[in-house]
Amino acid sequence: MSKDEIRILTPAGMLGYGFPAKWFKKGLDMNPDVITIDSGSTDSGPHKLGLGAMTCSREAYYKDISLLLEACFEKKIPVFISSAGGDGSDEHVDAFAEIIKEISKSKGYHFNIALIYAQMEKEYLLQNLKEGRISPCGPVEPLTEEEINSATTIVAQMGVEPYLKVLSERPNIDIIVSGRTYDPVPIAAPGIKHGFDPGLCWHIGKIMECGALCAEPAGKNIFGVLRKDHFVVEPLNPGEKCTVSSVAAHTLYEKSHPYLLPGPGGITDLSDAKFEQESERSVRVTGSRFIPSEKYTVKLEGAKKVGYRSIFIAGIRDPIAIGQMDEIIKRVTSDVEEYFSDIPKENYQMVFHIYGKNGVMGEYEPEKDFKPLELCVILEVAAPTQEMATAICSRARTEMLHCPYEGRIATAGNIALPFTPLEIPLGEVCKFNVYHLMEVDDPTKLFPIKYLEV
Amino acid sequence: MANTLPLKDIAKVIRSKNAGPFEMTMDIIFKSKDDYMMIKNGGYITKELISRLYRVPVEKIISFVYFDAANAIKITLPRPRPQGTIGETDMHAAQQHVPLMNIMIPVKDKNGGDVCLR
């Protein structure tokens, strides 16, 4: 890599969602030093960590990784992939390694690969909990031994250090696949390795890890150039452009705070960052700062299984029934509780989602007295087994169909059911139960590295 | 002559999204520095207003920050429940911004004063 600048190509904000090969190839012609792509997010829910599911299908990953490997092999550009599979579990790092092996075998590629793992041993976490080194990250309950034990998988978000270790141990590494990783790391790593300003390294990472989401209109492929005192970002699709307002606004995206961005090892402070139009389609950024934290912390993420769900979906058009909806729900709930009195109430949950009233916003809905034409009611039942969830759902559905209510004149049925099966089993449901910060002494040792050749 | 306009007719972006599984964050981004400064200096959007609209106690509001570089206001609230578990209504918290759209903002017309939005 050249010393006065680092050129980075990020084909998309999420591996597996697909990206236009045409603009990716244009980016390859611009001599990138590295291709990076993130694969992780908690955004699609706790079932990935809870059940071991991947965000995208294996086929989708295979397709995207094929394009990356072709570039890596033909053009000798290293490829860094972070947070394998979405959750970044050990299993998904290995699944990505398998995909790379499979493609390499069929195409005759040869690569040096580093795999970095991010899954945490429960024993180690329990020890750290005892020593008071784990604290909540945001509005979360303090962690307990019980929650650690009930989690299916717990990962930690690695910082840049494991990447730096790989880059110094194997300067000619072709591919890095890492487990759960702080999203900007693969983009920030080469810059930090070569002594560029860490504030700029993290900020360019923050912007580019979402691909060209910071452009107008939002896109996929983006190219960044990191220099000693600034960086420049530009989308590769000529129909898109980065503007001062689109890039500055992107800084806000999915973050708790607009200009203080905490990560492993410190905070990126953008309060003095300056955004300037470089060319018509590119933006130059200066003034981003990195403030190392006193204690190095990593974020832990974990999820547990909390039962099985079944639902029914019902429509209501009768205005008298709509007017009595609160009463009807009260009646259905007490009927179910009475009928299943042999099951302790705390063993199952019934949640009525009432679309047309507050189905989307729930307790945050400020409009109280809206009179809808129709309501859609979804009853969500969660219970320890699928059978029990469906049985409770079924009982609630028949009661809701036939129960009397004040002023009723439609005596044949209260709800309109669009689907069979009338009760729909949804399978297992999970819950994020670990979202905490853990102090670590050695941010490299926590994340084991495995080298392999294919 | 003072007039009022809903925030949705003034702002360029009003959006909500998860910020991790336990928080939801809302961004209001303005078309111009003038519009942004008019809102910021006018004190029309406050923590207290957000608290009333979402019925969240002021001390539970995680961030309420004006960000000059982006002509934007960011508001972060706790999610009603961890993302994606029993009782979820909005997996990505993508539709929680609506109460902000109808915040009424007093604006002045060309004859009335220093700031003109239209």
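Student: Of the contacts in chain B with a separation of 6 or more, what percentage comes from residues 24 or more positions apart?

Tutor: A contact is a pair with heavy atoms within 4.5 Å. In chain B, residues 24 or more positions apart supply 61% of the contacts with a separation of 6 or more. This is a predicted model, where local features need pLDDT of at least 70 and side-chain atom pairs count only at pLDDT 80 or more, while totals for chains, interfaces and linings use all residues. Residues are numbered from 1 along each chain as its sequence is written, chains are lettered from A and ligands numbered from 1 in the order in which they are written, and side-chain values use heavy atoms, with hydrogens and water left out.

Student: Which elements make up chain B, and in what order?

Tutor: Helices (H or I, at least four residues) and strands (E, at least two) are DSSP runs, numbered from the N terminus. Chain B has 3 helices and 6 strands. Their order from the N terminus is β-β-β-α-α-β-β-α-β.

Student: How many of the residues of chain B, in percent, count as buried?

Tutor: Of its 118 residues, 56% are buried (under 20% relative accessible area; exposed is over 50%, partly exposed in between; 1.4 Å probe, protein chains only). The accessible surface of chain B (Shrake-Rupley method, 1.4 Å probe; for residues, only the protein chains shown count as cover) is about 5100 Å². Carbon and sulfur atoms hold 53% of that surface.

Student: Which residues other than glycine have a positive phi?

Tutor: Most residues other than glycine have a negative phi, and most peptide bonds are trans. Among those with a positive phi are Asn31(A), near 55 degrees, and Lys76(A), at about 55 degrees. Asn31(A) sits in the loop between helix 1 (21-28) and strand 2 (34-38) of chain A, and Lys76(A) in the loop between helix 3 (58-75) and strand 3 (79-82) of chain A. Asn31(A) is exposed at 56% relative accessibility, and Lys76(A) is exposed at 61%.

Student: Where are cis peptide bonds found?

Tutor: One joins Glu216(A) and Pro217(A), with omega about -10 degrees. Pro217(A) belongs to the loop between helix 9 (198-208) and strand 8 (222-227) of chain A. Another runs from Thr420(A) to Pro421(A), with omega near -5 degrees. Pro421(A) is in the loop between helix 13 (386-402) and strand 18 (424-439) of chain A.

Student: Is Ile291(A) buried, exposed or partly exposed?

Tutor: Ile291(A), in strand 14 (residues 289-292) of chain A, is partly exposed, with a relative accessible area of 41%.
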